[in-house]
Amino acid sequence: MTAAVQHSRRAFLQGSLGVLTLAVTAKGWVTAAVAAEPDAKAYGADSMPGGTVDDPLVFVSIASDGAVTIVAHRAEMGTGVRTSLPMVVADEMEARWERVKVVQAPADESRYGNQNVDGSRSMRHFLMPMRRVGAAARQMLEAAAAARWSVPIAEVKAEQHEVLHGPSGRRLSYGDLAADAAKQPVPAGNALKLKARSEFRYIGKDQVRLVDLEAIGKGQATYGMDMRLPGMVYAVVARPPVVGGRVRRVDSAKALAVPGVLKVVEIPAMQGAPAFQPLGGVAVVARNTWAARQGRDALQIEWDDGPNGAYDSVAYQQTLQAAARAPGKTMRNQGDAANAWTNAPEAERVSAEYYVPHLAHASMEPPVATVQIQGDRAEVWTSIQNPVAARDAVAARLKLEPANVKVNVLLLGGGFGRKSKPDFVDEAAIVARAMPEGTPVKLVWTREDDIHHDYLHTVSVERLEAVMNTQGQVQSWLHRSASPTIASLFAQGAKGQQMFESAMSAINMPYRIPNVRVETAEVEAHARIGWFRSVANIPHAFAAQCFIDELAHRAGKDPQAFALDLIGPARQIDPGTLADTWNYTESPERYPYDTGRLRGVIDAACKGAGWGRTLPKGHGLGLAFCYSFMSYTATVVEVAVDDKGEIRVVAVDMAMDCGPQINPERIRAQMEGGAIMGLSLALTSEITFEKGRVKQSNFHDYEVLRHNASPRVIRTHLVNDDHALPPGGVGEPPVPPVAPALCNAIFAATGKRIRTLPVRKLA
């Protein structure tokens with residue numbers, strides 16, 4: 001069966017001598033490994049619109065026994081990317097999937113390009129390069145067979161790990177042809193022939209299971225927490241309880257007296273903007289994790305809380321509310337929304353404010369990293385979304401050349417954006433440097449560490465104001481966000497959302513409204529703000545989609561009909577009116593905002609849920625929709641609310657249009673996971689602060705949705721499998737519509753508006 005293993009590039013190439021090895025350059029052009037990058041013309045006339053793919057050097061090898069090895073250069077954290085991208089290669093090269101072995105690439109941007117797994121970019125950026133490398137392998141095998149038989153190339157065809165000669169019936173295996181194929185010129189440009197969609201064996205089908213599935217099911221897969229090396233020691237860290245704090249004084253005598261404790265190591269305090277650096281503190285190293293934790297508990301530390309020691313989430317909510325009610329920095333301005341509001345009769349004005357608290361990533365596997373230093377080299381084993389950032393952090397910390405730091409990428413037990421920030425890897429390097437040379441150090445975060453010291457999703461107050469005339473038509477729209485920015489990670493004192501954040505479901509709204517204004521309030525961050533699954537789409541879509549439901553009710557119209565009328569007829573918004581920031585840096589020409597596709601997912605979700613049907617008492621249906629990461633999503637939630645205010649989610653219908661559906665099973669899995677995550681942040685999850693400290697500590701008080709509270713029914717509806725379109729993202733888009741759909745359903749069931757998350761229970 002198909003397997004996934006760790007493999008160094010050197011070992012891979014050494015094991016590939018005499019066989020066919022191909023690469024994809026940073027421009028997506030197939031070449032022999034590792035050739036110089038071609039010019040743009042060589043990329044081919046059939047390159048996708050909007051420019052070339054900017055990422056990988058990905059290798060494919062065929063051994064003499066016919067085994068196909070494909071390097072996965074992006075980390076696997078549950079999205080299935082370690083299966084889906086190799087599957088695309090195997091399909092194009094007519095490889096039998098059971099003869100494919102997938103190996104994980106270490107961190108090496110010079111060889112593999114961007115390896116940072118966030119932003120739902122893996123299939124978006126690598127579908128065509130993977131198709132090209134597979135197609136090139138197939139054509140080179142066919143050319144080798146034609147030369148061997150001295151027949152025209154048109155008479156041979158690759159099919160399921162063999163090349164066949166039609167007229168004579170002769171056939172040769174891929175293993176027999178690999179060495180000869182390696183000597184063939186690599187097809188490029190118009191000479192490279194991709195399969196027609198009708199010829200796909202795996203793409204768009206559900207027959208390929210995850211390469212890691214069996215190992216995971218048997219407990220044989222290696223996650224960061226599973227790493228074991230001879231002579232390994234274990235470390236935990238006591239970190240400042242307040243971001244920006246530092247150790248004032250530490251007495252480690254009692255910690256060193258704990259049996260099994262080996263050493264106490266101070267971690268330097270954070271300097272300037274947080275970025276990916278450790279928070280600082282004191283590490284305890286021991287022979288096992290339990291002893292290290294006992295030693296940490298015995299430390300006597302006096303902390304200096306620094307500038308954020310007074311941070312209080314209740315008071316800060318009031319600060320955000322005040323900021324949201326005052327004019328802010330303009331992010332989009334069309335018409336004259338301010339004048340329309342001023343001149344409108346009071347009866348035509350509608351306003352509302354919405355609050356989303358800080359959220360923790362809370363992936364099931366907390367951060368963990370193992371580091372071993374030997375001479376001028378270091379090796380890392382970790383579960384990381386951004387292996388190159390981890391390599392660079394360790395190299396800088398240890399003053400090594402990046403080429404002398406090897407980062408082995410292990411399976412991730414969840415990530416959601418948290419594990420693209422390698423502060424925990426840096427901590428492990430600091431401790432390893434303090435130990436005898438060659439000692440492997442495994443630095444472990446507990447669940448409490450993870451909750452207390454996360455890069456949190458931003459807290460937000462969103463204010464919406466609209467003027468709606470007596471015919472129920474929206475004449476003006478103001479959306480003002482008061483929210484600390486992710487930019488505060490990298491620039492000390494950065495205030496207010498940046499354009500890329502506002503572009504997530506705030507400025508990029510497709511409604512037929514003559515007067516539109518989007519603003520952001522310049523408020524300070526008092527915690528580490530990081531990207532979280534779907535990022536700013538969460539608060540923006542929550543506010544906008546709940547507000548649209550309020551407007552529909554005010555107009556006395558059905559929410560689905562009102563939304564479709566607000567969106568208007570199917571059309572593509574003129575790319576000339578857009579900026580790249582509308583599309584998370586993607587070209588608006590390549591990814592125009594298509595309201596027809598948005599209407600399509602709304603219709604599909606409503607149809608799946610039976611929108612308009614008669615419901616039992618206490619039940620309600622709610623609708624919400626979103627365009628994010630180049631995909632269109634819509635969600636309908638059915639809730640039941642009893643006389644005590646207890647909320648039960650009955651069913652969720654989710655529709656997605658991501659363009660070509662490469663691995664439908666994985667798309668559905670991400671949608672289902674997005675439904676559960678969206679319901680968690682809507683119903684139970686909240687991080688609060690008091691005296692600069694996170695009040696929650698574990699899953700008893702930072703709740704994620706329990707099994708008994710999950711809907712018994714989640715129906716997914718995949719829309720518009722159009723392979724003429726460039727692919728959209730899948731991992732992040734399912735989350736934003738869930739919370740507003742839930743809250744709109746609660747209103748439909750009870751008449752009570754929810755504008756503050758989490759809901760927990762109705763009063």
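Which residue of β13 stands opposite Val237? Ala283 does.

The model is predicted, so to speak of local features requires pLDDT of at least 70, side-chain atom pairs count only at pLDDT 80 or more, and totals for chains, interfaces and linings use all residues. Residues are numbered from 1 along each chain as its sequence is written, and side-chain values use heavy atoms, with hydrogens and water left out.

Start with strand β10, residues 233-238. Strands here are DSSP runs of E with at least two residues; helices are runs of H or I with at least four; both are numbered from the N terminus. Six of the six residues in β10 are buried. Buried means under 20% relative accessible area, exposed means over 50%, and partly exposed lies in between (1.4 Å probe, protein chains only). In a regular strand the side chains alternate between the two faces of the sheet. In β10, Val233, Ala235 and Val237 point one way. Tyr234, Val236 and Ala238 point the other way. All of them are buried.

Now look at the partners of β10. Two strands pair if DSSP finds at least two bridges between them. β10 runs parallel to β20 (residues 441-444), with three bridges. Val233 stands opposite Val441 there. With β13 (residues 281-286), β10 runs antiparallel, and five bridges join the two. Ala235 stands opposite Val285, and Val237 faces Ala283.

β13 is mostly covered too: six of its six residues are buried. β13 also pairs with β12, antiparallel, over six bridges. Ala283 turns up again here, as the bridge partner of Val265. The loop between β12 (261-267) and β13 holds Ala275. Its phi is near 45°, a positive value in a residue other than glycine. Ala275 counts as partly exposed because its relative accessibility is 26%.

Gln160 lies in the loop between β7 (156-159) and β8 (162-165). Gln160 counts as buried because its relative accessibility is 18%. Another backbone feature is the cis peptide bond from Leu757 to Pro758, with omega near -5°. Pro758 is found in the segment after α19 (738-750).

Next, the domains. The assignment gives domain 1 (47-218), domain 2 (224-307 + 367-444) and domain 3 (313-360 + 455-750). These bounds come from an automatic or database domain assignment. The centres of domain 1 and domain 2, taken over C-alpha atoms, are 39 Å apart. Their contact takes 16 residues from domain 1 and 15 residues from domain 2. Contact means heavy atoms within 4.5 Å.

Domain 1 and domain 2 bury about 1,200 Å² between them, 61% of it on carbon and sulfur atoms. Buried area is the accessible area (1.4 Å probe) that two parts lose on being put together, summed over both. On the domain 1 side, Met77, Ala107 and Asn116 supply 39% of the area buried against domain 2, more than any other three residues. Three residue pairs are in polar contact between domain 1 and domain 2, both residues at pLDDT 80 or more. A polar contact is a pair of N or O atoms within 3.5 Å; within protein, one must be able to donate a hydrogen and the other to accept it, and residues adjacent in sequence count only if both atoms are side-chain atoms.

What does the whole structure hold by way of salt bridges? A search finds 49. A salt bridge is a side-chain nitrogen of Lys or Arg within 4 Å of a carboxyl oxygen of Asp or Glu. Side chains of opposite charge can pair when their charged atoms come close.

Arg418 and Asp423 meet at 3.0 Å, N to O. Arg418 is buried at 0% relative accessibility, and Asp423 is buried at 1%. Arg391 and Asp392 meet at 3.1 Å, N to O. Arg391 is buried at 13%, whereas Asp392 is partly exposed at 34%.

Asp450 and Arg447 form a salt bridge with their closest N and O atoms 2.9 Å apart. The two are separated by about one helical turn because they are three residues apart in helix α13 (residues 447-452). Asp450 is buried at 1%, and Arg447 is buried at 11%. Elsewhere, salt bridges that share partners join Asp91, Glu94, Lys195 and Arg201 into one network.
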